[in-house]
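Subject: Structure for your reading

Dear colleague,

Please find the structure below, together with its sequence. My notes on what was found in it follow.

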Amino acid sequence: MVILEHKEIRAIKDYAKEHNVPIMQDEGIDFLTTFIVKHQIKSILEVGTAIGYSAIMMAMVNQDIHITTIERDEERYLEALKNVKKFGLEHRITLIFQDAFNVKLDGKYDLIFLDAAKGQNIRFFENFEHNLKPEGYFITDNMNFHGYIFKDPDTIKSKNLRSLVRKIKEYHTFLEENENYTVEFLNVGDGIAVANKKNR
């Protein structure tokens with residue numbers, strides 16, 4: 001589902017590029033919005049708001065969609081607040097300024113979207129799994145991590161980058177071996193994982 005891009009969306013994307021804020025690639029956001037329509041998703045928890053781009057794009061799919069989104073970086077959180085207000089979505093997008101590991105939520109969600117610190121995906125998954133409805137979905141972006149995931153980690157010179165790639169691979173294995181979920185890895189955008197909770 002391609003949402004027509006107007007000047008406010010273009011402005012967010014330009015800001016992201018100028019300030020080096022990672023946001024979803026166009027192919028990834030198209031997949032995500034199409035997925036939301038296809039599976040009639042209405043309640044979403046997003047870990048990693050950044051400047052609000054993906055939350056806004058998801059909210060624009062349907063007026064019945066409500067999103068709770070968490071961001072720990074104050075500058076990005078404040079920019080996201082401005083952007084959400086610009087689109088008049090304050091009543092459907094709830095922003096939380098906090099480290100995700102300090103956030104405890106009671107709500108249940110159709111979809112939990114992980115798009116924060118890539119090396120923490122297993123912890124994010126375990127921290128919020130109780131908030132996912134039966135047959136709900138975890139969707140995780142950047143599973144390919146700009147192609148680094150396909151390289152031999154020993155050939156990556158940066159120690160931090162090497163460690164991050166290993167953690168993303170560990171998360172891949174964690175999902176594959178999780179018997180409570182049906183998992184699909186898609187070579188869309190920067191790589192997307194879809195984990196569907198089994199109804200047991």
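Strand β1 (residues 43-47) runs parallel to β2, and the two pair over 5 bridges; strands count as paired if DSSP finds at least two bridges between them. Helices (H or I, at least four residues) and strands (E, at least two) are DSSP runs, numbered from the N terminus. V47 stands opposite I70 in β2. Please bear in mind that this is a predicted model, in which local features need pLDDT of at least 70 and side-chain atom pairs count only at pLDDT 80 or more, while totals for chains, interfaces and linings use all residues. Residues are numbered from 1 along each chain as its sequence is written, and side-chain values use heavy atoms, with hydrogens and water left out.

The sheet

The open sheet is formed by 7 strands in the order β3-β2-β1-β4-β5-β7-β6, with mixed pairing. Its edge strands are β3 and β6 (181-186), each of which pairs on one side only. Direction ignored, neighbouring strands of this sheet are turned by 15 degrees against each other on average; axes here are lines fitted to C-alpha atoms, for helices over the stretch in contact, and angles run from 0 to 180 degrees between N-to-C directions. Helix α4 packs on the sheet, where it touches β2 (66-71) and β3, and its direction makes about 165 degrees with that of β3. Contact means heavy atoms within 4.5 Å.

β6 and β7 pair in the antiparallel sense over 6 bridges, and the bridge partner of F185 in β7 is A193. In β2, 5 of the 6 residues are buried, where buried means under 20% relative accessible area, exposed over 50%, and partly exposed in between (1.4 Å probe, protein chains only).

The nonpolar cores

In soluble globular proteins, nonpolar side chains tend to be buried together. A nonpolar core is a set of buried Ala, Val, Leu, Ile, Met, Phe, Trp, Tyr and Cys residues joined through side-chain atoms within 4.5 Å. The largest one in this model has 39 residues, and those with the most contacts inside it are L32, I36, I93 and I139. The elements that each supply at least two residues of this core include α2 (26-38), α3 (53-59), α4 (74-86) and β5 (132-140). The most comes from α3, with 6 residues. Apart from this core lies another, of 22 residues, among them F124, L132, M143 and L175.

Which residues does I93 touch, not counting residues up to four places away in sequence? They are A55, I56, A59, I67, T69 and V84.

The 12 residues of α1 should span 16 Å at 1.5 Å a residue, and its end C-alpha atoms are 16 Å apart, which agrees; the expected span is 1.5 Å times one less than the number of residues. Within α1, the buried residues are I9, I12, K13, Y15 and A16. They lie on the same side of α1 because they cover an arc of only 155 degrees around the axis, the arc being that of the directions from the helix axis to the C-beta atoms. The face turned away from the buried side of α1 carries the exposed residues K7, K17 and E18. Among the elements that cover the buried residues of α1 are α2, α3 and α4.

For α6, 18 residues should span 26 Å at 1.5 Å a residue, and the end C-alpha atoms are 26 Å apart, in agreement. Its buried residues are L161, V165, I168, Y171, F174 and L175. These pack against β4, α5 (121-128), β5, β6 and β7.

Individual residues

Most residues other than glycine have a negative phi. N20, in the loop between α1 and α2, has a positive phi of about 55 degrees although it is not a glycine. N142, in the loop between β5 and α6 (159-176), also is not a glycine and has a positive phi of about 65 degrees. Are these residues buried or exposed? N20 is exposed, with a relative accessible area of 65%, whereas N142 counts as buried at 12% relative accessibility.

E79, found in helix α4, is buried, with a relative accessible area of 12%. Not counting residues up to four places away in sequence, E79 touches Y15 and I51. E79 and Y15 are 64 residues apart in sequence and 9.8 Å apart in space, C-alpha to C-alpha.

With kind regards
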